[in-house]
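The sequence and structure follow.

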Amino acid sequence: MSDRWEIPSMKKTAVLLYPQFSEYELSVALSVLMQGSKPVLTVGMTNQPISGEAGLTCIPDTTIYDVTIDEVDSLLLPGCLDIGALAEEQRVVDFIMRIAKADTIIASISSSPYLLAKAGILKGKKYTVGLPKDKLGELGVFETENYSDNVVVQDGNTITARGRGFIEFGICLGKALHLDFNENWYRNT
């Protein structure tokens with residue numbers, strides 16, 4: 001038996017990155033996580049550098065295959081310039097489904113709720129998405145009757161937002177994770 005107390009480590013927020021991810025959509029969410037001392041784990045489809053839509057290149061901490069699900073309590077997904085490029089990436093959808101089974105908070109902004117819908121996570125849930133409303137039915141994965149015009153929508157453990165709601169989205173994520181942060185940092189008042 002050890003003489004010292006062991007402090008349990010805080011679970012992490014996994015940030016899924018893919019080619020052409022939208023950097024600005026993550027800015028407030030990442031800042032809120034930092035303020036709340038929440039560990040972040042960047043995750044890629046491979047361990048190769050990933051360039052965002054504005055050219056920021058990130059090297060993921062791990063891959064979708066190597067994430068230890070028990071170490072994660074939340075998943076953050078940015079939108080990307082062309083979500084259609086991920087439409088056939090079943091490995092990404094499978095990863096999202098694995099994370100969702102662990103009863104995690106999933107926060108998805110802009111076009112990325114498409115991946116949640118494809119994974120079946122939005123079934124029976126209110127959501128919003130940064131895709132044209134009139135095209136949602138054509139995609140075959142959205143329950144159009146559950147679509148909301150709100151900029152940010154939280155339904156249970158799922159948070160969705162349109163890209164322009166990135167400030168409210170980050171604040172909503174911080175509150176859902178019960179983090180201690182100053183939301184006035186992001187307000188223009």
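A residue is called buried when its relative accessible area is under 20%, and exposed when that area is over 50%. In this predicted model, Ala117 has a relative accessibility of 7% and therefore counts as buried. Ala117 belongs to helix H3, which covers residues 113-118, and, once its neighbours within four places in sequence are left aside, Ala117 is in contact with Leu122, Val141 and Phe142. Ile69, by contrast, lies 48 residues from Ala117 in sequence, and the C-alpha atoms of Ala117 and Ile69 are 21 Å apart in space.

The model has one cavity of 30 Å³ or more, and the volume of the largest cavity is about 40 Å³. Ala117 is one of the residues that line the largest cavity, together with Leu122, Lys123, Val141, Phe142 and Glu143. By residue class, this lining consists of four nonpolar and two charged residues, with no polar ones.

In soluble globular proteins, nonpolar side chains tend to be buried together. Here the largest nonpolar core comprises 60 residues, and Leu16 and Ile96 are those with the most contacts inside it. Leaving out residues up to four places away in sequence, Ile96 touches Leu16 itself, along with Leu75, Leu77, Leu115, Leu116, Ala119 and Ile121.

Notes: Residues numbered from 1 in each chain as written. Predicted model: local features only at pLDDT ≥ 70, side-chain atom pairs only at ≥ 80, totals over all residues. Heavy atoms only, no water. 1 Å grid on protein atoms, 1.4 Å probe; cavity = no way out; pocket = protein on both sides within 12 Å on 5 of 7 lines; lining within 4 Å. Points joined across faces, edges and corners; volume = space filled by probe spheres on them. Nonpolar A, V, L, I, M, F, W, Y, C, P; charged D, E, K, R; others polar. Core = buried A, V, L, I, M, F, W, Y, C linked by side-chain atoms within 4.5 Å. Buried < 20%, exposed > 50% of the residue type's maximum accessible area, 1.4 Å probe, protein only. Contact = heavy atoms within 4.5 Å. Helix = DSSP H or I, 4+ residues; strand = E, 2+ residues; numbered from the N terminus.
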